[in-house]
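Have the sequence and the structure open as you read.

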Amino acid sequence: MKDAWDRFNWLWEILFAVAYLATTTLVLLDGADPVWTAVAAGALTALALSYLLWGRRLVRDDDSSIRQRWVFALLVLALVGIAMWAEGTSGFILFMACPLLFSTLEFRPAAVLTTVAILLNPAAAVVNDGFTGPTLHIMLPMTAILVVFGVLCGKFIGHVIEESRGRADLIAKLEASQAEVARLSREAGTAAERERLAREIHDTLAQGFTSIVTLAQAIESELDTDPAAARRHAELAARTARENLTEARAMVAALAPADLAAGSLVDAVRRQADRLADETGVPVEYEVDGPLPALGTASEVVLLRGAQEALNNVRRHAAASAVSVRLSAVDGAVRLSVRDNGAGFDPDHATGFGLRGMRSRAEQVGGRLSVRSGPRGTELTLEVPA
């Protein structure tokens, strides 16, 4: 996040350009001696180039060394002195030079150098013209006013910069704190989820498997002596296994799929398409239209589960000879499209859990599912917001 100094730096750039152009123009128009006029204009131009090529970066970079800042500040003072010594009209460049000094150095050294820069103009006038009336009665009082005004402006500039950077540092610390809180919350959530799964596995799957083992042992001992009991125990074992399978599916639905944990959504869907082609021999065309926007884990799970369910339906019911799978970014969403040229079906009278589960998952993340099917095939479209 940019601080105020960075956001309003363009105002300083305008002041710099106006001060340089106006002062140089006045020097060229008022200069009586072409040589001294050229010296003053050259010093002003050198000052402008020094700022653009070096000082501009130096002022904006908080990590620049004190030595570099002092060298640049002394260079500014020297060029301002040369320009004012050569042509008194160059004193207008102080409107640019004084703020520049306060932006480069700390307040006290900047105040000293600013005072020196302001005093250079009357000093040059005294040396060139002597202690004349105008110099004593007009220039010296104006110089005193400029010194006070320059120091006060410098104090204000320093205060603005300090406050701005202080707020930027505070915002950075707050963002870091928020990131740390988010990280700790994720870790706490992960730990809680692990505990929940451990409890559920212990209370459901582990107990169910224990029952199945016990029933299998009973069947083994009853198979020759009591076939009816063995048959009853076999039915009970099968029912327990089905219940365990249901519990396992319910728990897995709450986790990120292993395919996503091992790679990107694009790769995970590609593996599903390749698996269908390998198992059935049906050619499967897979396309990804451009880079996809970043998605949360929940949205990626919805798309992958949708691809798995759609391809499983093709495998079991469609009797298709060609299948296409496409991922694309559309109007702030990611769209999955699965199309086949199989027998088709009536989506309004589908009785299986697949489409209902897919639509429910999509609605949980703010997405939507649409299915179009007919004698020439089926197209399933699943969209989730990015």
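In this predicted model, helix H3 (residues 34-60) packs with helix H5 (residues 94-104) at an angle of about 30 degrees, and their axes are 11 Å apart. Angles under 35 degrees count as roughly parallel, so H3 is roughly parallel to H5. As for handedness, the crossing of H3 and H5 is left-handed.

Which residues make the contact? On the H3 side they are Leu47, Tyr51 and Val59, and H5 brings Met96, Leu100, Ser103 and Thr104. Sorted by class, the contact of H3 with H5 has five nonpolar residues, two polar ones and no charged ones.

| Helix | Residues | Number of residues | Expected span | End-to-end C-alpha distance |
|---|---|---|---|---|
| H4 | 66-86 | 21 residues | 30 Å | 30 Å |

What is buried in H4? The list runs Arg69, Phe72, Ala73, Val76, Leu77, Leu79, Val80, Gly81, Ala83, Met84 and Ala86.

H11 has its own buried set: Ser299, Val301, Val302, Leu303, Leu304, Arg305, Gly306, Ala307, Ala310, Leu311, Val314 and Ala318. Just after H11 comes Ala319, which takes a positive phi of about 55 degrees.

Technical notes. Residues are numbered from 1 along each chain as its sequence is written. This is a predicted model: local features need pLDDT of at least 70, side-chain atom pairs count only at pLDDT 80 or more; totals for chains, interfaces and linings use all residues. Side-chain values use heavy atoms; hydrogens and water are left out. Axes are lines fitted to C-alpha atoms, for helices over the stretch in contact, and angles run from 0 to 180 degrees between N-to-C directions. Helices (H or I, at least four residues) and strands (E, at least two) are DSSP runs, numbered from the N terminus. Angles under 35 degrees count as roughly parallel, over 145 as roughly antiparallel, 65 to 115 as roughly perpendicular and the rest as oblique. A crossing is left-handed if the near helix is turned anticlockwise from the far one by less than a right angle, and right-handed if clockwise. Contact means heavy atoms within 4.5 Å. Ala, Val, Leu, Ile, Met, Phe, Trp, Tyr, Cys and Pro count as nonpolar, Asp, Glu, Lys and Arg as charged, and the others, Gly among them, as polar. Buried means under 20% relative accessible area, exposed over 50%, partly exposed in between (1.4 Å probe, protein chains only). The expected span of a helix is 1.5 Å times one less than its number of residues.
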